[in-house]
Structure formats: structure tokens, C-alpha cells
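Good morning, and thank you for coming.

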Amino acid sequence: VDVFFVAPNDLATSMGHIGNMGHPDVQQTVDGAIKKIVEARRVAGTLVNSSNVERYTRLGVRVVMTSFFPWIQAGATDLIARGATGARG
């Protein structure tokens, strides 16, 4: 296994919070899963956007996925810069 990907929307659905990835219980579970993956010295991945990519890269996420059109609209340069800032800690 190269990447352990935490899928927030799938997780929200399985927790009964359909379409609500921002629900506190979902966020706590996502963060906990990422923490365990990173602590096990494995590669963590998750879905990101410009507003949360820095947070997730600071948590140790090294593989990110984003929706194509909003990412282009928000600006590739901004997303990459924030990810790099988070990775540097």
C-alpha cells in the first residue's frame, strides 16, 4: 500500500452525516485517522481545497486530491504555495 487515503465525504456518509464533511465528529475522525497513519510512518492522503490544504499538510498529509474546476478557479499557485508552507511546518 503506497497511500492510506482518508476520504472525508465517504466517511461522513458512513457516519450518518451525508454531505456534511465539516461535521465536528467527521473532522475529529479524519484528524484521528491521519494522525495514526502519520505516527505509523505511512503516507497519508485526503481531499483538500485552498482553505484547508495547509492545515492537512501540517498534520502530515503528503498526498492531496482536489476537485479540478474549483482548484483551477482558486489558482494552482495558491494551493501549491499553501501546501509547501504546511509541509515545512
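Which residues in the largest nonpolar core touch the most other members? They are V6, V30, I34, A44, Y56 and V61, out of 13 residues in that core. By nonpolar core I mean a set of buried Ala, Val, Leu, Ile, Met, Phe, Trp, Tyr and Cys residues joined through side-chain atoms within 4.5 Å. Buried stands for under 20% relative accessible area, exposed for over 50%, and partly exposed for what lies in between, with a 1.4 Å probe and protein chains only.

Before I continue, a word on the source. This is a predicted model, in which local features need pLDDT of at least 70 and side-chain atom pairs count only at pLDDT 80 or more, while totals for chains, interfaces and linings use all residues. Residues are numbered from 1 along each chain as its sequence is written, and side-chain values use heavy atoms, with hydrogens and water left out.

To return to the core, helix 1 (8–14), helix 2 and helix 3 are the elements that give two or more residues to it. Helix 2 gives the most, with 4 residues. Helices (H or I, at least four residues) and strands (E, at least two) are DSSP runs, numbered from the N terminus. V30 touches V6, P8, L11 and Y56, residues up to four places away in sequence not being counted; contact here means heavy atoms within 4.5 Å.

Two strands count as paired if DSSP finds at least two bridges between them. Strand 1 pairs with strand 2 (residues 44–47) over 3 bridges, and V6 stands opposite T46. Strand 2 pairs with strand 3 over 4 bridges, and G45 stands opposite V63. From strand 2 the chain passes through helix 3 (residues 53–59) to strand 3 in a right-handed β-α-β crossover: with the strands pointing away from the viewer, the path from the first strand over the helix to the second runs clockwise.

Finally, the charged pairs. How many salt bridges are there? The count comes to 4, a salt bridge being a side-chain nitrogen of Lys or Arg within 4 Å of a carboxyl oxygen of Asp or Glu. One of them joins R55 and D31, at 2.4 Å from N to O. R55 belongs to helix 3 and D31 to helix 2, so this pair ties together parts that are 24 residues apart in sequence. R55 is partly exposed at 36% relative accessibility, and D31 is partly exposed at 22%. Another joins E39 and K35, whose closest N and O atoms are 3.9 Å apart. Both lie in helix 2, 4 residues apart, about one turn of the helix. E39 is exposed at 56%, as is K35 at 51%.
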